[in-house]
Amino acid sequence: FYFMLIGKPPYQSTRREELRKSSTPVCAIDPTIPVPLSKLVTKLMNKKPEERYQSARGLLFDLKSMFEQVVSDGTIASNFYIGEKDFSGRLQVSQQLYGRDDESKTLLGAFNRIQDGCFEVVLIAGSAGTGKSSLVQKHAQSVTEKGGYFICGKYDHLQKDKPYLAILQALDDLCSLILQEDQSRIDNFRTSIQEAIGSEGKLLTDVMPKLQDLLGNQPEVKEVSMRETKLRFSFILRKFMHAISMMGQPILLFVDDIQWADSESLYLLLDLIVDENIQHLLLV
């Protein structure tokens, strides 16, 4: 609809910084477009899924009503109410959190502080099903709007044999977000990471596909004993995290279900907590 009305897409690039912003209303670009029609397009493109049209029936009703007004009156009434007949047809449980204002302020306060270059840790405890994960996830959009990266990984009690499971998931997601940045920022991250991990990058790219996309093919590494392999991997992973934390971009790293974490992950997280060189990182 946006392209049909304006003749160009709402975003001129795939850069993450641009995509996280709301698009310019079509009526602001072309004043001849009725405001209600502009609101309809904006509703279709809302950043919050729950604020978009929930059914094709509701959208079709609004379009037909607008068309009928144009045929009969030559225009669309400025007070046209969009979404009047828009119902999903299924029971939807509200994602709104209640009674978590203090906890939300604590999280946002910690994130605001890491933007100045510090490193903070926030622990969230509670029984299963009490909304711990939802509390953190609800701030993903806020983190993005402030120019930060929200990344998360989840441990699984059935996969305790996979070292660093949640951390690798989160860091690979980070690489995916970096690849959505403008070329100069991608190049800066690539250079910083490559300098940090040197010729042993294949240890990470073998388990992080998006890092492979970011860095390209890495040279083979020398085979060593099992014990040395574990120590080397942990060392290179810490160097990788050093590199990304020094780029000046605030990162919220959410490690979910940490009670199922393997011992290697816990040792790595402890190393990060006592590392004075880690910056711009909020570990939750």
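**The sheet and its surroundings**

Guide: Four strands form an open sheet in the order S1-S4-S3-S2, and their pairing is parallel. Strands (E, at least two residues) and helices (H or I, at least four) are DSSP runs numbered from the N terminus, and two strands pair if DSSP finds at least two bridges between them. The model is a predicted one, in which local features need pLDDT of at least 70 and side-chain atom pairs count only at pLDDT 80 or more, while totals for chains, interfaces and linings use all residues. Residues are numbered from 1 along each chain as its sequence is written, and side-chain values use heavy atoms, with hydrogens and water left out.

The edges of the sheet are held by S1 (119-121) and S2, each of which has a single partner strand, so one side of each lacks a neighbour in the sheet. From one strand to the next the twist averages 15°; the axes are lines fitted to C-alpha atoms, for helices over the stretch in contact, and angles run from 0 to 180 degrees between N-to-C directions. Six bridges join S2 and S3 in the parallel sense. Glycine 153 has valine 255 of S3 opposite it.

The charged pairs come next. A salt bridge requires a side-chain nitrogen of Lys or Arg within 4 Å of a carboxyl oxygen of Asp or Glu, and by this rule there are eight. Aspartate 256 and lysine 154 form one of them, with their closest N and O atoms 3.5 Å apart. This pair links distant parts of the chain, since aspartate 256 belongs to strand S3 (residues 251-256) and lysine 154 to strand S2 (residues 149-154), 102 residues apart. Buried means under 20% relative accessible area, exposed over 50%, and partly exposed in between (1.4 Å probe, protein chains only). Aspartate 256 counts as buried because its relative accessibility is 12%, whereas lysine 154, at 43%, is partly exposed.

Lysine 202 and glutamate 220 meet in another salt bridge, at 3.8 Å from N to O. Lysine 202 lies in helix H11 (residues 202-205) and glutamate 220 in the loop between helix H12 (209-215) and helix H13 (226-245), so this pair ties together parts 18 residues apart in sequence. Lysine 202 is buried at 19%, while glutamate 220 is exposed at 64%. Salt bridges with shared partners also join Lys154, Asp256 and Asp257 into one network.

A further salt bridge brings the side chains of glutamate 120 and arginine 113 to 2.5 Å, N to O. Here glutamate 120 is buried because its relative accessibility is 18%, and arginine 113 is partly exposed at 42%.

Nonpolar side chains also form a surface patch of about 670 Å², made by Val121, Leu123, Tyr267, Leu270, Ile273 and Val274. Patches consist of residues with over 30% relative accessible area and no salt bridge, like charges being joined within 9 Å and nonpolar side chains (Val, Leu, Ile, Met, Phe, Trp, Tyr) within 5 Å. The areas come from the Shrake-Rupley method with a 1.4 Å probe, and for residues only the protein chains shown count as cover. Helix H14 (residues 263-273) supplies the largest share of the patch, three residues. Isoleucine 273 is found in H14, and its relative accessibility of 41% makes it partly exposed.
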